[in-house]
Amino acid sequence: MIFREFDGKELFAKAGMTVPKGGVARSAGEAGAVAEGLGFPVVVKAHVAAGGRGKAGFVARAETRGEVEKFVGEMLGRTHKGLLVEELLIEESLDIEREAYIGVALDGSSGCALFMYSGEGGVEIEQVARETPEKLLKWQIPNLATLREFHIRDALLAMGLRGDALNKIASAGFKLCRAFAEKDLMLAEVNPLALLGDGRVVAADAKVEMDDNALYRQPAYKGLGGTVEADAERRGREIGITYIELDGDIGVVASGAGLAMNTMDILKDRGLSAANFLETGGGITAALIEGSILLLFENPRVRGVVVNLYGGVNSMLEAAKGVVAAGEKNERGLPFAVKILGNQQEEAWSAIEAARFPFVRMVKTPHTEEAVGLLLEMLEARS
Ligand code: GDP
Ligand code: MN
């Protein structure tokens, strides 16, 4: 379950972190009243559990009640990343001098918690990780239960932080780690962690994801707004795949993490970007492949699909049957590039060819580049 910003900030405030004053509103009138209570200027934000709002025009600074109501009118009822904006967050405007990033996440490969910091906040942290990894601290927390503030301080020292900023960011980071441990979180991110002109360090944004399986231990958080993404990820787990929604618009189905990452890299090289990470794991059946593709169809951003499967033991004929079954339900006629290789590949190819889908192109070589090239051709033909 991914929290909306206000709920995330409430959790941060309970942990002792500094957050902006603010409140949620569901109409222009309510928003105006919240703003009057705070005093101008204020910031109006679409209250949906997804990032990237700043770039999409869903964060705006308002000097007057009239401006607040105008922004609310512009944001309400629109969608951001497939989420309907039904609520606004109105906050005191911060006098931000510098934006940093802090986060705590579960590291899937080690099962440990990872503390992260970057002096480059406000921008997408994935971009920092990709382009300037040296600017992102990723420190594996040896033991959350015995973690002390000075451990965080030491880790931050290595990133060149000093003085007052070091102390305040270490304190915020430590509180974030404690909240992470106490509340059974899977992810807690502050982006930006705002360093203000008056010396305060404030959580200007909040992304909090709680482990659904821990909700029985955290009854106070039951029923808080989750997101489409979290829901899709949970259903992915239910059908036996790993599914993570991303920002792009090309759906990817791959039979392993390596193949998935490789497909995503090739998409990126060709100027496309993946709408998701999806790994089927072992145990490929027709139903699993069909279910995987149907999950992609639910994402309104998806405008094309790459199916990239390799079967050593698994029957690729089964996989192909899944592709055909999902293809029958491809109501939007999304273009498909299909690459299926391995066990029973000939039978798989025949099954797909027999379906005669006009939107499917197939490659029979081990080159994912070719499949992505075909997808590009189909996308260009459509636009
Ligand atoms: P996101 O784009 O969905 O992650 O939304 P954020 O809450 O992070 O806001 C996007 C950007 O708006 C931030 O990185 C800040 O640069 C800016 N922003 C948000 N709140 C304030 C504020 O109170 N004052 C100022 N000056 N900028 C803000
Ligand atoms: Mn943000």
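These notebook entries record what I looked up in a predicted model.

**Entry 1. Ground rules**

I number residues from 1 along each chain as its sequence is written, and I letter chains from A and number ligands from 1 in the order in which they are written. In this predicted model, local features need pLDDT of at least 70, side-chain atom pairs count only at pLDDT 80 or more, and totals for chains, interfaces and linings use all residues, while side-chain values use heavy atoms, with hydrogens and water left out.

**Entry 2. The manganese ion**

I asked which residues coordinate the manganese ion (ligand 2). I found Asn191 (O) and Asp205 (OD), at 2.2 Å. Donors are N, O and S atoms within 2.8 Å of the metal (3.2 Å for Na, K and Ca); water is not among the atoms, so the site may look incomplete.

I then placed both residues. Asparagine 191 belongs to strand S10 (residues 185-196), and aspartate 205 sits in the loop between strand S11 (201-203) and strand S12 (207-210), so the pair ties together parts that are 14 residues apart in sequence. Helices (H or I, at least four residues) and strands (E, at least two) are DSSP runs, numbered from the N terminus. I noted that asparagine 191 and aspartate 205 are buried. Buried means under 20% relative accessible area, exposed over 50%, and partly exposed in between (1.4 Å probe, protein chains only).

**Entry 3. Salt bridges**

Side chains of opposite charge can pair when their charged atoms come close. I counted a salt bridge where a side-chain nitrogen of Lys or Arg is within 4 Å of a carboxyl oxygen of Asp or Glu. The count by this rule is 22 salt bridges.

I looked up three of these pairs.

- Glutamate 91 pairs with lysine 9, and their closest N and O atoms are 2.6 Å apart. Glutamate 91 is in strand S6 (residues 88-92) and lysine 9 in helix H1 (residues 5-14), so this pair ties together parts that are 82 residues apart in sequence. I recorded both glutamate 91 and lysine 9 as buried.
- Aspartate 205 forms a salt bridge with arginine 53, with 3.2 Å between the closest N and O atoms. This pair links distant parts of the chain, 152 residues apart: aspartate 205 is in the loop between S11 and S12, and arginine 53 is in the loop between strand S2 (42-46) and strand S3 (59-62). Both aspartate 205 and arginine 53 are buried.
- Aspartate 249 and arginine 303 meet in a salt bridge through their side chains (2.8 Å, N to O). Here, too, distant parts of the chain are linked, 54 residues apart: aspartate 249 lies in the loop between strand S13 (242-245) and strand S14 (250-254), and arginine 303 in the loop between helix H9 (286-297) and strand S16 (304-311). Aspartate 249 is partly exposed at a relative accessible area of 22%, and arginine 303 is partly exposed at 35%.

Which residues are linked with Glu91 and Asp205 in a network of salt bridges? I listed Glu5, Lys9, Lys45 and Arg53 alongside them.

**Entry 4. Backbone details**

I looked for cis peptide bonds. One runs from phenylalanine 40 to proline 41, with omega near -5°; proline 41 is in the loop between helix H2 (28-38) and S2. Another joins asparagine 191 and proline 192, with omega about 10°, and proline 192 lies in strand S10.

I also noted positive phi values in residues other than glycine. Aspartate 184 has phi near 55° and is found in the loop between helix H6 (163-182) and S10. Aspartate 184 is buried, at 17% relative accessible area. Glutamine 344 has a positive phi of about 65°; this residue is in the loop between strand S17 (336-342) and helix H11 (345-355). Glutamine 344 is partly exposed, at 30%.

**Entry 5. Strand S9**

Is lysine 138 buried or exposed? Lysine 138 lies in strand S9 (residues 136-140) and counts as exposed at 54% relative accessibility. I found 34 Å between the C-alpha atoms of lysine 138 and glutamate 87, which are 51 residues apart along the chain.
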